[in-house]
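Please keep the sequence and the 3D view at hand while reading.

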There are 2 protein chains.
Amino acid sequence: MYLHESAGNQVAESIIQGFRTRKRAALARAVTLVENGSIHAQDILEETFKHRGRSRVLGITGSPGVGKSTLVDSLITAIREHGNSVGVIAVDPSSPFTGGAILGDRVRVRSRTTDDQVFFRSLASRGHLGGVSRHTGDIITLFDAFGFDYVLVETVGTGQSEVDIMRYAHSVLVVMAPGLGDDIQAIKAGILEIGDVFCVNKADHPDADRAVSVLEAMLELNRDWKWRPPVIKTVASQGKGVVELFGKINMHLEFLEQNNLLEERVSRSHIASLEENIKRETVDRIFARSHSDGTLDRALKQLSEGKTHPAALARQLIQLYLCSEK
Amino acid sequence: MYLHESAGNQVAESIIQGFRTRKRAALARAVTLVENGSIHAQDILEETFKHRGRSRVLGITGSPGVGKSTLVDSLITAIREHGNSVGVIAVDPSSPFTGGAILGDRVRVRSRTTDDQVFFRSLASRGHLGGVSRHTGDIITLFDAFGFDYVLVETVGTGQSEVDIMRYAHSVLVVMAPGLGDDIQAIKAGILEIGDVFCVNKADHPDADRAVSVLEAMLELNRDWKWRPPVIKTVASQGKGVVELFGKINMHLEFLEQNNLLEERVSRSHIASLEENIKRETVDRIFARSHSDGTLDRALKQLSEGKTHPAALARQLIQLYLCSEK
């Protein structure tokens, strides 16, 4: 491993050593450095990238209000009952209004902080719309390299960027709940295609069976399944159905391994990582630099005056900031 | 206007002429060319970009199931009653399962196709997850240049990419409905920050007043409003509250104009257009070319074998595909 010859390499070195000895504080620190865009992050990521591949990464998504956090908590219990370790990444677009993630539904998970085989991290967007997923792939890399048996990545909502985060998962669990208006509507968001296991939570609701039927009917529209996603009913607040759900998730993971399909999923996550890194080195760099040297303001003025148009301007900025300088 | 000296320029030229004489078929064709990434699209976009600025662009967003399409339909009625023209762009992530947008709630809007002052276009993602918003900014440009008094941009869902599309709007309407579990949860998606006018639809529901109170309380957390977003109750299926809602939307648009804030909104949309164009010329180009010449497959193999890592690979691909070739 090549490290820069500087005082900085001690920071990265001590964290990497902490990973080898599975010190939770090292993981926490590494995540913070990555989130802050620290210069030490790159060395840590380079080294930890080589140690990926042991964790089973489970993505969990679904609309607000379906009871995802309660379900995640029950899955953690099931994982621990099997004697496995788990890291949980909650990708939670927080509102600048409240200054942080919605805490009410986080309290229960955080109550497990005394169990050292469970590690929980919430990635807030820190008030930047669009800032949610930039580091998620790298942080999953860190969790995987740290060596958890399972890594759970929980996203809120069913929009495009939440679906993008699911590309990093081996297996994707979609959580729905009856009576929230999102059964038939769910297919609008591309969720039906991305799910490997579906869960109808709050299944004590009178409309639960209907929600399951609608979902099964939607799934039947596609005859080409290699793996036909099962639909499981749960009442996570009472722990019901969770053992069966966990069983189906593991069944899917085994299916991937036995049919040499895991590599496909891993490639998908590599493509996602590559895309994030390319965006960072192109789009982000161009905006940061053109903003700081005043070029962006001048460009916006020209656009307003109709003197140029976005496509031409984009090409000029690419030449200026990506190819002319080193 | 510079056009390529080729037979192709007749395509662009005839469409641009159609814009000048407000032929709907020209707009329809232009949108199709942009969606298909046609070589003629660039000439059309260059020319039409200069003619923007007359339309009031209203973004409309909200979770599935809140009755957005019904509300859009009532807004169209209100707009027409004022003697104004309106173009509607529905950005609707469609599912490959059903082959197109969910049609049930589109029928009512399409029934207005005999009114030539209303133009409706649905932009499907055509089965590509993540493909929804790539052309939205350009298509809004086309609608604006065509000269509608109002352009409505309707998105489904409350995820990040839907919020991104709202950057193209002058004014943003957020539609919510009681009983769907998305009142308190809505702030997780950044929707509270993006809205200029809030609408609680299906207000005949028993929880409607509570939903309004919760929303008002959330909005009160921010004391720094230049414009304090109003919360309006509607029952769009019965046409109730729509006149008041339309009035508040126009009040916001006037507020922007009178306080020289419209320029800020226009700049925001220019930044969004610029970002889309940069992504197209960088991320999209790199993936398309590296995929077609086999480099991407080789790169993925190296990543799987731990011989390189995403950040280093990203830099190499940028050099190879963006800066070395012309």
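## Chain A as a whole

In chain A, 60% of the 326 residues are buried. The model is a predicted one, and the values in this report are computed from it. By secondary structure, chain A contains 13 helices and 7 strands. Its accessible surface amounts to about 13500 Å², and carbon and sulfur atoms account for 50% of that area. Contacts can also be sorted by how far apart the partners lie in sequence. Of the contacts in chain A that link residues at least 6 apart in sequence, 76% are between residues at least 24 apart.

One residue of chain A can be followed in more detail. A299(A) is part of helix α12, which covers residues 295-304 of chain A. Why does A299(A) count as buried? The relative accessibility of A299(A) is 4%, and a residue counts as buried because its value is under 20%. A299(A) and D116(A) are 183 residues apart along the chain, and 52 Å separates their C-alpha atoms.

## Strand β1 of chain B

Which strands does β1(B) pair with? One partner is β4(B), residues 150-155, which runs parallel to β1(B) and is joined to it by 5 bridges. Another partner is β5(B), residues 171-176, also paired in the parallel sense, over 4 bridges.

| Partner of β1(B) | Residues | Sense | Bridges |
|---|---|---|---|
| β4(B) | 150-155 | parallel | 5 bridges |
| β5(B) | 171-176 | parallel | 4 bridges |

## The second largest pocket

The second largest pocket holds about 550 Å³ of space. Three elements of chain B each give two or more residues to its lining: α8 (191-194), α10 (242-258) and α11 (262-292). How many residues line the second largest pocket, and which lie nearest its centre? The lining consists of 18 residues, and those nearest the centre are E193(B), D196(B), E264(B), R265(B) and R268(B). Sorted by class, the lining has 8 nonpolar, 7 charged and 3 polar residues.

Technical notes: Residues are numbered from 1 along each chain as its sequence is written. Chains are lettered from A and ligands numbered from 1 in the order in which they are written. This is a predicted model: local features need pLDDT of at least 70, side-chain atom pairs count only at pLDDT 80 or more; totals for chains, interfaces and linings use all residues. Side-chain values use heavy atoms; hydrogens and water are left out. On a 1 Å grid over the protein atoms alone, a cavity is a set of points where a 1.4 Å probe fits but cannot get out, and a pocket is an open set with protein on both sides within 12 Å along at least five of seven lines; lining residues have an atom within 4 Å of a point. Grid points are joined across faces, edges and corners, and a volume is the space filled by probe spheres set on the points. Ala, Val, Leu, Ile, Met, Phe, Trp, Tyr, Cys and Pro count as nonpolar, Asp, Glu, Lys and Arg as charged, and the others, Gly among them, as polar. Two strands pair if DSSP finds at least two bridges between them. Buried means under 20% relative accessible area, exposed over 50%, partly exposed in between (1.4 Å probe, protein chains only). Contact means heavy atoms within 4.5 Å. Accessible areas come from the Shrake-Rupley method with a 1.4 Å probe; for residues, only the protein chains shown count as cover.
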